[in-house]
There are 2 protein chains.
Amino acid sequence: MSEPSGADSNTRPSTSHVGRRITPSNISNGEENSMPDFEFFGAVPRSPPNLTDFLTVWSVDVLPGTDDINKKQHRTNLYESDNLIVRRGQSFEIRISFNRPYVQGKDKFWVEFLIGRYPNITKGTYIPIYLEEQLEQGKWGAKIMTTWQNTLSLSIMSPAYCPVGRFRMYVAIMTPYGIRRTARDSDTDLYILFNPWCSDDAVYMDTEAEKEEYILNDIGHLYYGEASEVVSRAWIFGQFESGVLDSCLYALDRARMPLQARGCPIKVCRVASAVINSLDEDGILVGSWTGAYGDGVAPTAWNSSVDILLQYFRTRQPVRYGQCWVFAAVFNTVLRCLGIPSRVITNYSSAHDNDGDLVTDVILDENGKKDLEFTKDSIWNYHCWNECWMSRADLPPGYGGWQAVDATPQETSGGMFRCGPASVLAIKHGQVFFPFDAPYIYAEVNSDVIYWTRHKDGTLTKADVKTDQVGKLILTQKIGTELEENITEQYKFPEGSSNDKRAQESAIQYGVKKEKKVIAKPMDVSLRVQVEEKILIGTGFVISLEFKNNSDEKRTVTVQLSGSVDFYTGVPNSNFIDQTLKVFVEPHQVQQAQVKIKPKDYVNRLVEQSTLSFLITGRVKENEQILVAKKIIALQIPMLRMKVEGPTQFGREVNLVTEFTNPLKQNLENVVLRLEGLGLLKPKIKFFSIILQNGTLTTSDVFVPWKHGPRKLVASLDCNLLRQVVGELWLTII
Amino acid sequence: MSEPSGADSNTRPSTSHVGRRITPSNISNGEENSMPDFEFFGAVPRSPPNLTDFLTVWSVDVLPGTDDINKKQHRTNLYESDNLIVRRGQSFEIRISFNRPYVQGKDKFWVEFLIGRYPNITKGTYIPIYLEEQLEQGKWGAKIMTTWQNTLSLSIMSPAYCPVGRFRMYVAIMTPYGIRRTARDSDTDLYILFNPWCSDDAVYMDTEAEKEEYILNDIGHLYYGEASEVVSRAWIFGQFESGVLDSCLYALDRARMPLQARGCPIKVCRVASAVINSLDEDGILVGSWTGAYGDGVAPTAWNSSVDILLQYFRTRQPVRYGQCWVFAAVFNTVLRCLGIPSRVITNYSSAHDNDGDLVTDVILDENGKKDLEFTKDSIWNYHCWNECWMSRADLPPGYGGWQAVDATPQETSGGMFRCGPASVLAIKHGQVFFPFDAPYIYAEVNSDVIYWTRHKDGTLTKADVKTDQVGKLILTQKIGTELEENITEQYKFPEGSSNDKRAQESAIQYGVKKEKKVIAKPMDVSLRVQVEEKILIGTGFVISLEFKNNSDEKRTVTVQLSGSVDFYTGVPNSNFIDQTLKVFVEPHQVQQAQVKIKPKDYVNRLVEQSTLSFLITGRVKENEQILVAKKIIALQIPMLRMKVEGPTQFGREVNLVTEFTNPLKQNLENVVLRLEGLGLLKPKIKFFSIILQNGTLTTSDVFVPWKHGPRKLVASLDCNLLRQVVGELWLTII
């Protein structure tokens with residue numbers, strides 16, 4: 001560990017343990033007790049005992065090198081660490097050299113592993129390991145593999161339930177006077193992680209391809225935008241980078257999680273979901289959705305979890321700022337780093353900040369226009385959370401597998417700053433009473449949107465209930481590819497199927513509120529809204545409305561179209577268009593109407609994620625039918641164009657050229673470019689005072705790759721006027 | 001409300017809502033928006049409209065008096081408040097006087113109830129109530145009862161699921177120009193509470209006697225001491241005292257609980273369990289078990305929840321100090337005050353600060369003596385928590401009824417500062433996967449204690465497993481009496497019954513760890529420990545050990561007896577006796593041994609609850625059997641003797657004499673006496689610099705009763721050397 005994470009002035013004070021516990025809780029990898037070099041049986045004698053007869057340890061080698069057998073066999077050779085890193089439930093080798101050959105029967109010694117300041121033998125945080133004839137799966141034990149002169153090679157077995165974290169190690173030798181121990185040596189410290197390769201471990205995962213992706217892949221894609229216009233960007237998870245593992249353990253220490261509980265992946269996930277956000281226990285990231293990030297980094301500007309985790313570890317302060325995908329990406333790094341298979345998922349659209357039994361209400365006035373004063377709810381265009389893979393010994397059989405966990409702080413009853421793990425299968429079946437927080441995640445993918453008409457005397461009547469807006473698409477990255485995978489069916493049965501109805505009934509039975517569809521008026525006019533695909537930011541476009549009259553009479557529709565620039569949380573920032581149209585539709589005919597949107601209508605109002613939201617409502621004069629349609633447009637933002645010239649060789653300079661063309665008829669000011677690539681380029685930040693309107697920025701960087709193989713460069717560009725500008729480039733280092 | 005609980009400098013800052021929510025959460029009874037006196041339809045006209053034709057409200061009377069019909073019918077006449085207090089799901093009467101008689105068909109008006117600063121019609125925090133022909137159970141509505149000249153009497157119905165809290169009220173009159181409203185008038189503010197008398201309410205309770213106890217009783221008894229030596233003391237819950245209801249609402253506001261969620265008793269209980277303790281959200285009480293309470297009030301010195309709640313409300317700061325029974329007593333006040341039936345329970349002995357899957361480990365050395373260095377666990381002699389009564393719509397049917405909630409902050413994985421509600425029935429059946437926190441409460445009543453023998457080489461072997469030490473007795477106060485009721489069977493099946501085994505299997509299946517009994521050695525010697533009953537503090541006593549040899553051979557037992565002064569958490573403060581005995585027992589004979597304890601052995605070491613703990617371990621030489629027995633002695637502390645002379649009449653002076661005899665051969669210094677009686681005496685604190693050794697303090701107080709009927713005086717005496725001195729006295733005020 002590069003810095004001690006010991007007595008921390010920033011740690012939230014806790015109640016004194018005096019009178020309440022015999023010792024304080026054992027909660028920190030970074031604190032330790034000192035073990036006596038010699039532990040006398042009975043009273044300490046006046047003169048030192050003669051120990052020349054007994055073994056003396058000359059050296060201990062835990063074989064921590066990346067080319068040694070341990071890290072290869074434990075799939076931990078990617079971690080940038082000089083210490084041994086192993087996975088639990090699987091044996092590893094250490095070598096002990098004595099002053100003379102070990103004599104079986106005469107010499108007695110054992111190995112001790114300790115973790116934390118108050119290690120305890122019965123809690124599994126102080127572990128004496130004795131020599132056995134045969135190692136047993138599920139039990140700590142040591143076995144002599146080979147002896148060569150004064151050196152013994154031992155195979156050490158850890159059980160598949162032991163705590164994860166950083167252990168220190170001693171060799172203890174029995175003498176008639178007492179126990180003699182080796183001195184504290186941080187070179188022999190070792191990290192023990194969860195083990196998805198071990199069938200006894202709660203995080204066991206079957207196929208190699210899955211483990212390759214969900215444990216070993218240190219880059220990936222995140223999805224945002226809108227269901228009909230999915231946008232993706234590269235993200236560096238970087239779980240193997242130097243210092244990242246220590247940062248992850250520090251975060252759990254900061255949450256004051258008892259070390260003895262850190263063998264249970266369910267508890268580790270739950271505590272980690274709390275500590276990713278800074279509310280409650282001074283966790284890793286501060287959430288902000290305000291659009292003003294001057295005293296930190298805009299959530300859209302990050303490329304990597306590594307910067308965030310290392311900054312947190314270095315400063316001991318929450319890092320500014322995150323939004324849902326940043327929370328999810330950092331959580332993903334923490335989980336993969338500790339050895340829990342995990343992935344980031346994106347839900348389009350996502351109900352949020354509700355209490356699991358609430359619906360999203362939109363209030364229209366009597367003309368069908370959205371009432372901005374009375375509508376207080378919003379739906380998030382998308383929301384990212386994580387899934388982690390584990391068995392659930394705390395639930396009835398069958399609910400293991402993917403578990404949803406959400407690290408974005410929730411503003412619900414009393415504040416919920418931890419969420420999950422909740423069995424995805426239980427959510428699909430509406431079995432929301434299983435812990436943890438299943439009703440909340442169920443609502444995120446299943447809530448209804450109710451459109452209300454508010455009359456002059458203040459009374460409300462239901463105009464429409466949309467049951468298919470929330471959770472219409474759930475995506476994650478497909479194993480072994482850079483493509484997305486649609487996993488909606490893992491959360492939901494097909495809308496309207498009999499299974500779907502059963503799941504809904506189950507959820508309703510356990511307190512989730514669902515609304516019935518209202519068909520108050522005959523719906524004989526239908527409305528379809530269409531917009532061209534891939535609209536570039538700064539360009540104009542046309543919204544086409546198509547009205548179809550299915551009745552035998554003429555219909556007159558008064559249409560209200562309002563367009564606003566929204567945050568991705570669905571919170572409107574400003575309205576930029578309000579238009580009223582009158583449309584006449586002959587019986588059984590289709591009538592079209594078009595509304596033109598010009599760049600100047602919206603450009604100056606854009607907020608960070610460049611989404612435009614249109615609400616089209618209509619009122620049919622003849623039968624008072626209310627039509628409601630919503631259209632969200634995720635504007636296309638040009639990519640950063642990145643290229644290198646010539647060969648890309650290990651240890652040789654590579655010249656990278658990055659280009660960006662400003663799509664706006666306005667200058668971009670105080671532009672920040674961030675570049676990063678694992679094994680290629682440490683995080684690099686460049687400032688540009690201006691990029692002229694429609695101008696092109698070209699910038700060069702030289703780097704020297706220090707790792708072989710296929711490697712990715714990731715870049716982002718950020719300024720107040722334009723965010724979410726990203727780029728990526730694959731290189732193969734030979 | 002006597003003080004505004006508005007913008008609070010102490011409130012934990014929350015993330016800005018900007019960009020994330022359209023408005024901030026609606027979380028505070030103490031904040032409000034202003035409603036327009038006149039809400040124009042369309043644009044505001046240049047000259048004020050002529051409104052002489054339309055109704056004008058002259059006055060609104062919500063009939064808030066204790067002698068009016070509303071408070072009587074709603075069983076809220078005990079609350080000391082000038083405002084109306086009603087229970088939901090039950091109609092109440094208000095009277096509106098206009099400038100002229102109301103004309104049906106021509107005049108249109110309605111009543112509006114609002115709560116909080118961001119009231120919202122679809123969230124049930126802004127409620128316009130219209131006139132109906134007939135009131136419907138389960139729906140807001142108003143009905144004209146009588147008209148007399150210009151005055152209308154209205155019956156108002158609230159639904160049995162509406163939020164509880166303090167609502168403000170307007171009368172709105174419809175005119176062609178817009179809506180005219182009455183001005184803000186805090187006299188018409190009303191509190192809506194949970195309603196155990198309403199069968200549609202989730203907190204409905206069947207019998208009148210239960211409601212009388214669990215809602216309306218504002219005094220009660222708490223139990224402490226030890227299972228074989230139960231001690232009780234009177235406690236003033238005082239849920240009806242002036243300011244207490246506002247304090248309870250303020251605590252929920254401080255927890256930032258959305259007002260819209262406050263209709264659900266499950267959520268209210270869960271949030272309240274968090275806010276009773278000061279960890280997490282600057283809640284009501286600071287926990288401390290250190291024995292040093294100089295900067296606050298010792299937990300043992302409180303008599304009443306009222307002082308604590310009012311101090312919290314006045315200072316906006318957590319109150320120092322509480323321990324489990326104080327947390328539980330204050331929680332009880334909050335629950336009864338809000339209308340949720342509740343009681344305080346005491347569990348002897350209680351596993352605590354564990355993670356639901358842990359056991360309590362006691363380490364003995366090879367001679368059977370407790371190893372103080374290696375034993376880190378403790379069991380609480382007792383622990384108090386609450387039960388609240390409600391249906392559980394979030395669980396499968398059958399789990400309604402009593403729900404366990406624990407407000408004492410837990411030091412478990414990552415800190416658990418809220419606990420429950422967990423269905424008591426589910427705990428009994430080992431169905432620990434039902435929310436909330438059932439494994440934790442299951443462990444509190446079911447954990448095992450393991451005695452380990454630690455050998456010289458550090459290895460441990462199990463010496464004994466005691467499955468009957470934890471949760472052996474669970475008490476609460478019996479309805480309508482001052483006696484205790486044994487409710488152990490509500491939490492547990494009889495030890496060893498087939499139901500008990502099934503429940504254990506279920507709990508184990510869902511992750512709770514239970515230990516199997518070890519019968520490694522033939523147990524042919526048994527040990528019984530006896531002590532005389534009711535040992536007065538400061539006196540000596542004898543511990544009798546009885547060894548029975550069931551074998552055909554002679555047995556030699558080496559006995560270790562160690563006595564320590566313990567905190568009630570089982571944490572040893574100091575050892576005062578360590579004695580080794582050797583006992584020979586002939587075949588099939590009984591052998592006695594006695595150990596004398598003198599006052600000077602323990603008196604100077606006592607901590608606040610005056611419990612002595614003896615661990616007696618023995619090792620049988622012939623068969624290496626280990627004997628383990630534990631004995632806890634709760635020393636008797638003399639009561640405060642209270643008496644009055646002459647008649648006790650309403651409004652007339654009464655002379656109270658309080659006496660106390662110091663049982664110790666030491667002077668008591670800086671003694672604090674606290675006296676309180678609902679309707680008799682506001683909390684009174686008296687200081688005495690010294691009470692001489694074995695001396696008697698006699699002190700007089702004069703008070704004037706302001707309430708009729710049977711009333712109780714409660715007193716406590718506290719100083720560093722002696723705590724838990726209490727007294728009580730029933731008076732009937734005529």
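Contact here means heavy atoms within 4.5 Å. The model is predicted: local features need pLDDT of at least 70, side-chain atom pairs count only at pLDDT 80 or more, and totals for chains, interfaces and linings use all residues. Residues are numbered from 1 along each chain as its sequence is written, chains are lettered from A and ligands numbered from 1 in the order in which they are written, and side-chain values use heavy atoms, without hydrogens and water.

**Exercise 1.** Locate the annotated active site and describe the surroundings of His383(A).

*Solution.* 
1. Start with the record. The unreviewed UniProt entry puts "active site" at Cys324(A), His383(A) and Asp406(A). Such annotations may be inferred rather than shown by experiment.
2. Check the spacing. These residues span 83 residues in sequence, but no two of their C-alpha atoms are more than 9.7 Å apart, so they gather at one spot.
3. List partners. Beyond four places in sequence, His383(A) touches residues including Cys324(A), Asp406(A), His352(A) and Glu444(A).

**Exercise 2.** Characterise the interface between domain 3 and domain 4 of chain A.

*Solution.* 
1. An automatic or database assignment gives domain 3 as 525–634 and domain 4 as 641–733.
2. Count contacts. Six residues of domain 3 of chain A meet six of domain 4 of chain A.
3. Take the area. About 600 Å² is buried between them, with 56% from carbon and sulfur atoms. This is the accessible area (1.4 Å probe) lost on putting the two parts together, summed over both.
4. Find the contributors. On the domain 3 side, Ile537(A), Val603(A) and Glu608(A) lose the most area, together 57% of what that side buries.
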